[in-house]
Amino acid sequence: MTFPRKISLALLAIIALAIVGRIWSLELPSVRWFFSFELTETISAKWPEFAKIYRNLFGGFLLSVMFVAVVILWITGKNFEWNPMTLRRVKRFRSLKRGYRSFLLLLGLVALTLPDQCLVGRKALIVKYEDQWFFPAFVSKNYQDDTFGGDPDLGANYRSIRDRFRLENEGNFVVMPLVPWDMTFDTDELEKVELVKRDGVFYETGSNKTYEGLSTAYDPAAPDRKVREVTLRDGKFQGLTTIYNAEGDPIAKETWNAGSLVELEADSPIDSVIAVKGLTFFALKYPPTSPSWERHHFLGTDSRGWDLFAQLYGGLQVVCKASFLYVVLTFFIGIVVGLSSGYFGGLVDLIAQRVIEILSNMPFLFIVMIIASRLGRENVSIMTIIAVLCIFSWIGISTYKRTAAFKEKARDYVAAARVLGAGTPRILFRHILPNVLSTSITLVPFSVTAVATSLTALDFIGFGLPDRYPSWGTLLADGLANLESPWIVTSVFAILVTLLLLITFVGEAIREAFDPKKFTTYQ
Amino acid sequence: MMRFFPRLLCACVAGLLLLGCDSGETFPTYDNTEERAAFYERYNKTSTDDARKNLDKLNNDLTTATDEMQRADMQRRIKLLEKRLADGPYFQQKEESALPANLQWTTNLDDAEIGSPNAKKGGTYKAFIPGMAYPPTLRCVGKGGNNNFRSYHWNNIELGLVGAHPNTGNTIPSIADRWAVAEDMQTVYFHIDDRAKWSDGDEVVTDDFFMAFYVYLSPYLTEQFYRTYYGEQFNGITTYGKDYLAIRLANPKPKTAFFANQVPFQAKFYKAFGPDFEERYNWLPRPTTGAYKILPEDIKKGRSITLSRVKDWWAKDLKYFRYIYNPDRIEYKLIREREKIFVLFKRGEIDVFPVINDMKYWYEKTEIPEVFNGYIEKATFYNDYPRAPFGLYYNQANPQLANLDVRIALQHATHWDRVIKFDMRGDSSRLNILNDGFGRFSNSKIITRPFSPKLAAEAFARAGYTKKDSKGIWTNDEGQKISFTISYTKSPFIDQIVQRLKEEALKAGVEYKLEGQDGTANYQMVAQKKHQIAFSAWGITPPFPDYYEFFHSKEAYEPGTKTPRSMTNNIFTYADPAVMDPLLEANRNATTEDEIQQTSYAIEEKIHNEALWSPGWKKDTYRSAHWRWIQWPDDFNVKISDEPEMSYVFWIDEDLKKETLEAMREQKTFPEVNRVYDKYRVKTGGEP
């Protein structure tokens, strides 16, 4: 089985999975993306019938394009033999350890994004309830809580169902993904950390540092009702304490100094020392919370309370998708325009160059802002942003291709082909394109870097994707606004730098692999 | 000669060009004195004619009206119109001798001083421009005049004829040192204090008040609001010489002098008020009757704007004014990010950091060494001020939102309590009504609808939304989804709130799409009623709650059409001529405080029954973190305030500043200061 045929079979498998998933209303990780396109509200209001079938239509369109690729690959792959040049380049690439290992790591990262909701998500993978098996993560249907013995009006919250099953211990269980949080719009409950008193000084449970800050004590009979709000410095009461009654109104104020009561202001007498003895004090942890294995927030949460790991994972998926679409689109347009203007010259070249001049003078950021405000922030999707990015990026590629086409057009083998009676399409596709294409590979990694950075930058200033997409840029902005919670900006920075570094190493290795000389000196 | 000609020519052209170059635009001189006189005549005639026409129409309608309530209302309006015509034309100029005899002149010097006798004058108060955007204009009226920054050079600074004492709420003398309310409870006579002067030295005269009315009623202002308001709510103004004037209200009102209050517009300064007003006066600093003026060199566009104390301010030794307005200069710097403001505050380049809504700053970010070491002090102040009605406002121009059950369901699907618990650190309470914090006028019995997916489902079912789509959003048989866009001014604080609401609404099957916009863009969109749901609030001011312009059918649609009327406050696009309009009119025209209370209560009930909006949170405190050289009176601030600086009771102690800066260098510490001032706390239940 030749290489193209292997690829074509793989693509066929993906198509089959996607179709199967759609027909049986399954949510199969990653392949469900094909059928996830919806029209915007305004358009679907105008053409409701079209809107209903749009999902299937667009998904079908994408799959048909893939199918065409499958067929082409299968047919042309019949007698496929590797070009010895290519084999040499691959060998050279593999010998460059840093680049090759980065490439493998990168592939690993991309492969990591494939499990999608199996790795990161709010829906349970498996639920066994009263001898029935459910797989909520893999079906489109949304279960109500009463399916698992809960409240009929609420949607199923699998994390709390899991806790409930554990308490009930009736043989029901829930298997959650490794990171049991959705990538966006999923906040945890507030964490209450108990303060323990050792030698008259308060410490956080499991810590050796005296507690500094605010603490609340709740009514032992009604754990939701707070009775006391205290300030602690060096683990002792200091400053203001407010005492609340049953309705939640402040009824008394106390002033403490280093653990001793200094002043009491109350309508009726309160024996503060006794009152304090019987109470347990808690520290409420508001988001952003630091990383905590027990609470499954492996990298902590951001200031909204959304899990950081989930958002980084989602951001990685977005970057991968965006890079893939971007590279395909940009290179396609760039190569077509570049080759045509290079090969045909004359009027085609003239028009193309003028268009390029106009486009390169348009301010990219303003265009993005205008489009986002016209469409409405929420209607902006990855495709929109990528489309705008593409409009401005194909220029670079086309310039390379144009020069390359000029160069090749003047070569002898083209003249020879022409003499032999080759038509223009044959010359273009059979002779010029393969020679010109090989250098494009070296540009791909740097395009990916560019799109990852642009997307992050756009989101950072608030003009990129809407908040239903997890995004590294918004995390970065959040992290910089909350530098006292360093885990946010550190993790985003780390993964961004890692990704870009890997891509850059790969890019360098490819460049060196494609270098016709064995040793190149830069001058 | 000919040899030098080209060079000469160049020199001449250059010279001409340079001469033509001005640092700003130059406007041709304009004198509106004649135009004004003609306007007064014309306006007198048209307003009298209009009143007569309305009177005739009402008399006519009265003969055919049968409904008792309608008849009573018409008769009331007829009486008011007859009085209006009897009072004479709008603008009248009389001699001082024409003042009526037997006027009961009164004043109020019995209330307590405002501020502290320990106040020291001097120093530069360093602040930041609120709203984090440079004001579009220095004008107080006209396009863009109603901006965030206006309070800081107009509302809080300029003096009117009378004022309201910020602790008792009683009327106190300002420019007028005595006033007399006529028996009809509609006309108020004022005597301008002999000492009253503008900051450029000129005396305040009655013509300045004529000019104020001229500006408001002129066609040269973009907003229609002032023309309508002053045309309808006032019968006119009469001057008796240069020191006495009478302002006539169209309706009898309690606290008459307060309602008749007017801020003067210096006639000399506004002499060039004409069709190009909004461009000509865009950055012209006004002469003022207040304590601070703006010097032209202090307007650094896009960077900062500074107020300078009027050194020989006419009111500087008067009771109620002598202990306030203490800093010599108040510098407002433009800083575009809240976090940057906080960093500059920690460095001492900003003196006071008010924490009003964003509690993260209070509970977490100000737990810093500067606070522990006493360099920065913290204060929590319980105030008694109308609570800004933050919430989600539903625009009924959208057909789905015009359905009552949908609105009720949306109220059940909006989880404000979670926002309060999470994002506000539990520091606020749920708001239930639109105008809360008005003491006896706020209906404390109404409890708004709680978050409940169950009740939301029931209400949606009543409206025909019985199925849930693949994402769990309610849909009806026509395929319409419960999916609305919330438009709001983008800021990290509000972003977090609406994202929390969005997350919780999904649990109830409602999809909120979030449209965070630039402040101006959002204002334009909401003013043109293009929003679906707006996250918004209003600046509401004491003493009486305001409902008319928010709910009256007149403000909802363009007359005679179904297109929502732009540039009005009725962002609900709500019209109920049958029940709500009469209530609103009764509320606006109420002559006694009991009437105001009654109608306010009824209006709030209607708002609740019609689920016109989803009330958010209310705070009964505001907090301030300030450097210890900013000193405050013993009870910290005045009761009727909603931010630390608006009453200007603070002062800068230069000696303390030196001491503090030295202590910071030498690592000397002071005891931590975190005080709670609850003297003016409003007990729950709404009773003041």
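Predicted model: local features only at pLDDT ≥ 70, side-chain atom pairs only at ≥ 80, totals over all residues.
Biologist: Which residue does Tyr244(A) stand opposite in S9(A)?

Modeller: Residues are numbered from 1 along each chain as its sequence is written, with chains lettered from A and ligands numbered from 1 in the order in which they are written. S8(A) and strand S9 (residues 250-257) of chain A pair in the antiparallel sense over six bridges, where pairing takes at least two DSSP bridges between two strands, and helices (H or I, at least four residues) and strands (E, at least two) are DSSP runs numbered from the N terminus. In S9(A), the residue opposite Tyr244(A) is Pro250(A).

Biologist: Which residue in the hairpin of S8(A) and S9(A) takes a positive phi?

Modeller: This hairpin has five residues between its strands. The phi in question is near 90 degrees, and it belongs to Gly248(A).

Biologist: And what is the bridge partner of Ala252(A) in S10(A)?

Modeller: S9(A) also pairs with S10(A), antiparallel and over six bridges. Two residues separate these strands in their hairpin, where Ala258(A) has a positive phi of about 50 degrees. Across in S10(A), Ala252(A) is partnered by Ala266(A).

Biologist: Which strands stand at the edges of this sheet?

Modeller: The sheet is open and antiparallel, with eight strands of chain A in the order S5-S4-S11-S6-S7-S8-S9-S10. Each edge strand has a single partner, so one side of it is left without a neighbour in the sheet; these are S5 (201-204) and S10 (260-266) of chain A.

Biologist: By how many degrees are neighbouring strands of this sheet turned against each other on average?

Modeller: Axes here are lines fitted to C-alpha atoms (for helices over the stretch in contact), with angles running from 0 to 180 degrees between N-to-C directions. With direction ignored, the average for neighbouring strands of this sheet is 30 degrees.

Biologist: Which side chain of opposite charge is nearest to Arg5(A)?

Modeller: Arg5(A) sits in helix H1 (residues 3-23) of chain A and is buried (under 20% relative accessible area; exposed is over 50%, partly exposed in between, using a 1.4 Å probe and protein chains only). Lys and Arg count as positive, Asp and Glu as negative, with His and the chain ends not counted. Arg5(A) has no salt bridge (a Lys or Arg side-chain nitrogen within 4 Å of a carboxyl oxygen of Asp or Glu). The nearest opposite charge is 13 Å away, on Glu81(A).

Biologist: How many residues apart in sequence are the parts tied together by Asp384(B) and Lys639(B)?

Modeller: Their side chains meet in a salt bridge at 3.9 Å, N to O. Asp384(B) lies in the loop between S14 (376-382) and S15 (391-394) of chain B and Lys639(B) in the loop between S25 (630-631) and S26 (651-652) of chain B, so the pair ties together parts whose separation in residues is 255.

Biologist: How far apart are the C-alpha atoms of Ile341(B) and Phe353(B)?

Modeller: Ile341(B) lies in helix H9 (residues 338-346) of chain B and counts as buried, at 0% relative accessibility. Leaving aside neighbours within four places in sequence, its contacts (heavy atoms within 4.5 Å) include Phe128(B), Met132(B) and Phe353(B). Ile341(B) and Phe353(B) are twelve residues apart along the chain, and their C-alpha atoms are separated by 8.2 Å.

Note on methods:
Heavy atoms only, no water.
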